[in-house]
Structure formats: structure tokens, C-alpha cells
Amino acid sequence: MTIATKKTVWMAIPVALAVGVSGCASNGSQQASSPQQGNGNSNTWGGAGIGAIAGAVAGALTGDGGSSTRDRALIGAAAGAAIGGGVGAYMDKQEDELRNRLDGTGIGVERQGNDLILNMPSSVTFDTDASDLKTPARQALNDVNAVLRAYPETRITVAGYTDSTGAESYNQTLSERRAQSVATYLEQGSVQASRIDTVGYGERNPVASNDTDAGRAQNRRVEITLTPTGQS
């Protein structure tokens, strides 16, 4: 990238971000009235900024450093800002819906960038050494299903985990069965199977110490990660 092109990119980004201000500000004003909102507005802004930079670079690289390059960078940055902000807003709304529906169920909702992670602890999901969903898990997953059907432009990864009690190979198989059990229930709730991936991590990636009952209970869990697709 030439010096002229670099200057063009950085000149285009502030203007392009301004294009997305009205949409982000409107989204933020609607969210301000909701106490459940979390950090949605900042995620929308972050997505717009990243999109603007990526779009400006892509646009600039198609030119020769002249006025046509400036035009392409501006157009690319504006489009990138709209797309990036749109993905953030899409996930913001989905996050709000999940937090409202899952409040009081024992299932946690965590935001990492534009990904949403639902943490389903063993107290909600499975009995010890079992992969059949308990009634509270089924009830909560009914609400999750409703949201997933309303927001179809996300990929779903269901990951199963165990504590370190027992043989590692057995724990690996048990974690896979638990992940598949959750995935099957989502599919039965009319979520497309093509959206869902399953993985078992066995006793890997503990979130607490396996030296205590409380810690082992936290490690026996299923996590559902929702990732926006290119169509979001």
C-alpha cells in the first residue's frame, strides 16, 4: 500500500463512521431504556469501527492512489461500518432476548465480541454420570429454541464438558453424549440441524478446581456458543 493510499484510508474512515452514527445512535437510544441491555451499544460501535477500517482498506486497494482510490475507500468504509454495526446490533437483540427469557433458570449468558455463550451447569442439565436432559434444562431450552428460530443467522456450537473424576476416555465419550443430547433437543424444537455443530472436550478446559465438589459441579457443563454468520 502506497503512502498516498494509506492517507486516503485514514481520511475516509472518520467520514464513513459518520454514515453509521445515525443507525448506532438510534439503536443506542432504544437500548438505553432497557436495564437488561449490557454492553450492546459498545459492541455495535465496535463492529462499525472494525467494519469501516476493513472496508476502507479493501476499497483503497482497488484503486491507484488518485481520486478514484479516495472514492473507493470512502464507499468501502461506509459499507463496512454499516455491515459491522449491523452484526453487532443483530447480536445485541439476540442477547437481550436470551437474558430476558433465561433469567432465573440458572443458565448464564456471556458476551465475547459478537459471540454469545450460554453456560448450562450440571445443576440444570444432567444427573451425575448421565446424558439425559433434566426437566429444568428442557424448559430452559424451549426458550432458547424460540430465540434461535427468531434469529436464524447464527451458527450454534454445543460443547460438552465433564469433571476429572473417572477415566479420561470415559469422560470424553460422556461429554460428547451430553453435547449431542442438547443438540438433538434443539433440533426437535425446529432449529435446523445444519446450523448446529457438536463437540466434546471431556475433562479439558475446567472453569474451576476439580479438588472440590463445588468446583467439579461447575466443570460438568454444556456451553452453547452462538456465532453470527455472513448473512447476519
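In this predicted model, Asp129 is partly exposed, with a relative accessible area of 46%. Asp129 lies in the loop between strand E2 (115-121) and H4. Its phi is positive, about 60°, although Asp129 is not a glycine. Most residues other than glycine have a negative phi. Ser190 also has a positive phi, of about 75°, and is not a glycine either. Ser190 sits in the loop between helix H5 (168-188) and strand E4 (196-200). With a relative accessible area of 56%, Ser190 counts as exposed, because the cut-off for that class is over 50%.

Helix H4 spans residues 135-150 and contains Asn145. Asn145 has a relative accessible area of 2%. It is therefore buried, the limit being under 20%. Leaving aside neighbours within four places in sequence, the contacts of Asn145 are Tyr185, Leu186, Gly189 and Val191.

Strand E3 covers residues 154-160. Five of its seven residues are buried, so E3 is largely enclosed by the rest of the structure. E3 pairs with two strands, E5 and E4. Strand E5 (residues 221-228) runs antiparallel to E3, and seven bridges join them. In this pairing, Ala159 stands opposite Glu223 in E5. The pairing of E3 with E4 is parallel and extends over five bridges. Here Val158 stands opposite Thr198 in E4. From E3 the chain passes through H5 to E4, in a β-α-β crossover that is right-handed.

Technical notes. Residues numbered from 1 in each chain as written. Predicted model: local features only at pLDDT ≥ 70, side-chain atom pairs only at ≥ 80, totals over all residues. Heavy atoms only, no water. Helix = DSSP H or I, 4+ residues; strand = E, 2+ residues; numbered from the N terminus. Buried < 20%, exposed > 50% of the residue type's maximum accessible area, 1.4 Å probe, protein only. Contact = heavy atoms within 4.5 Å. Pairing = 2+ DSSP bridges. Right-handed = clockwise from strand over helix to strand, strands pointing away.
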